[in-house]
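Let's take a walk through this structure together. Please have the sequence and the 3D view at hand as you read.

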Amino acid sequence: MPTSPDAYLQTVCACLRHATPKEKAAVQTELAAHIDDHTSALVEAGYNESHARRQAVEAMGDPQEMGAALNREFPLRWLVLSRLALVLLVAVALYLCRFIPGPLVGAGYNLQARMDPAASSYHQTHVPPNFVPLDFQQTLSNGLVFSVYGLGLGPLESDDLHYEATVCIVVYSPNPFRREQSLPAVPTFTCSGDSDPLSQTHLTSTHSGAKYYDFSVCPEAGQEITLHYSCLGVVFDLPLELPWGEVLS
Amino acid sequence: MKGPKRPWTRRQRARRWTAAALLLLAAAVALHWIHLTPGQAMATAEKTLGTGETTVFFQKKVGNVNLYFSENDNVLLVTPFRLSLRYDWWNNGQPLAWADRSRDPGGICAVGLTFVSRDTGQELYQIFGLVPLEGAASIQAPDPRTTWPDFSPQVMTAPITTLPDGRQAFWAQYRPEEGVDFVRPAQLLVLDEAGQVIATYDMSQNWGGDYLNF
């Protein structure tokens, strides 16, 4: 039987078959502290230190029995389960991390869409000619805000007789971290005195946090247009005054 | 005096880490980041469109995806649900297709679905609709290029059948052969027994689609 604390502790730890190095170190520290406490008590009782230490080690009992008893405290199945649980936790955390950057980045675009959509990078690269700022907001069925922030008018590049009106719309959520920002349905446009919808094209941005739309229609000279929206019970018409004075002069 | 902090036992570690992982998952479900059941996917689809609560009345499996058809007075909604990492199961919760019924809650309504095979690129067109119309026997949904000269466009057709809840509905399907050009229908024609058109329905805005295997 070992008489030195170090040899005793090594014999005990050698019996811990499924303990990790960290767990063995913790056991070693705890047992060493126990031996030190006992040694101190014996020294205070009048033993000399080497004798006291040997006595303290002997009082711990057979290291093989101690090791076998402690080994039962480290069952392999809980080690495997704890490792699997850690893998699961890390996998879930990593998977969920993919959802965080989008809303954080999108929040900036969202706030800009509310305060100054015409200053957005999307609009700056798609400014229509003779741009006139507007300020119209309507809440849609899904809580998103439909904001018409401006329109532009200019002659068609391919055709001198027709004109292209571009209506600039941004859709954003009152909650800046909400992911989905798309229009449930696109608006239609009619010319004054005509109920048939105008043929239209549109461009959209790919920003998260707010979605920009440029709707283009081709009215004839002097015609005014009206925007119509009808979807899931939200219905509104918005007459739009085009800057014909600037274009035709 | 406070003693040294005891390290967690294995059992504590396993339980606490599992609990932490489950808490994260629960938070993700509560935030509608992921959807583990069809009900959750539908709730998110309803929120995305702002339709209000809908009730499932029909279910169909196409390829590896379950399609849930639900409705209320505002909308006929199709929500896909699949638990497959390969097919972006985190996209559950996006409405696949829907039809606005707010102007005519009891009228005809139909949704069109376009699926493209991820493996072969083949297309599959499907139309589902409700036809609460006396005397309706079948539907036709033509390729919109019917007015083109020297061009005979494909027409999707289907008989009108009765759903378990007693309502009249149809399910039309068309899988173009390789090289066949097809444009998804914009108008639905409802025919009676004699083949006469008794109603039309504009479904140009009611299409949705996805990539999957079928």
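What follows looks at the interface, then the salt bridges, a set of strands and the cysteines.

This is a predicted model, in which local features need pLDDT of at least 70 and side-chain atom pairs count only at pLDDT 80 or more, while totals for chains, interfaces and linings use all residues. Residues are numbered from 1 along each chain as its sequence is written, chains are lettered from A and ligands numbered from 1 in the order in which they are written, and side-chain values use heavy atoms, with hydrogens and water left out.

Let's begin where the two chains meet. Here 38 residues of chain A are in contact with 31 residues of chain B, contact meaning heavy atoms within 4.5 Å. The size of an interface is often given as the accessible area lost when the parts come together. For chain A and chain B the buried area is about 2,700 Å², and carbon and sulfur atoms give 64% of it; this is the accessible area (1.4 Å probe) that two parts lose on being put together, summed over both. Eleven residue pairs, both at pLDDT 80 or more, are in polar contact across the interface. A polar contact is a pair of N or O atoms within 3.5 Å; within protein, one must be able to donate a hydrogen and the other to accept it, and residues adjacent in sequence count only if both atoms are side-chain atoms. On the side of chain A that touches chain B, the elements giving two or more residues are α2, α5 (76–97) and β7 (225–231) of chain A, and α5(A) gives the most, with 14 residues. Helices (H or I, at least four residues) and strands (E, at least two) are DSSP runs, numbered from the N terminus.

Now for the charged pairs. Side chains of opposite charge can pair when their charged atoms come close. A salt bridge is a side-chain nitrogen of Lys or Arg within 4 Å of a carboxyl oxygen of Asp or Glu, and the whole structure has nine of them over all chains. Two salt bridges cross the interface of chain A and chain B. One crossing pair is A:Glu23 and B:Arg10, at 2.6 Å from N to O. This pair runs from helix α2 (residues 21–44) of chain A to helix α1 (residues 10–30) of chain B. Both A:Glu23 and B:Arg10 are buried, where buried means under 20% relative accessible area, exposed over 50%, and partly exposed in between (1.4 Å probe, protein chains only).

Within chain A, A:Arg53 and A:Asp36 form a salt bridge at 3.3 Å, N to O. A:Arg53 lies in helix α3 (residues 49–59) and A:Asp36 in helix α2 of chain A, so the pair ties together parts that are 17 residues apart in sequence. In chain B, B:Arg145 and B:Asp181 pair with their closest N and O atoms 2.7 Å apart. B:Arg145 is buried at 10% relative accessibility, whereas B:Asp181 is partly exposed at 48%.

Next, find strand β6 (residues 210–217) of chain A, where seven of the eight residues are buried. Strand β3 (residues 159–172) of chain A pairs with β6(A) in the antiparallel sense over eight bridges; strands pair if DSSP finds at least two bridges between them. Strand β5 (residues 200–204) of chain A also runs antiparallel to β6(A), joined by five bridges. A:Ser216 is the bridge partner of A:Thr166 and also stands opposite A:Thr201.

Finally, how many disulfides are there over all chains? The count is zero, a disulfide being a pair of cysteine sulfur atoms within 2.5 Å. For A:Cys15, the nearest cysteine sulfur is that of A:Cys13, 8.9 Å away.
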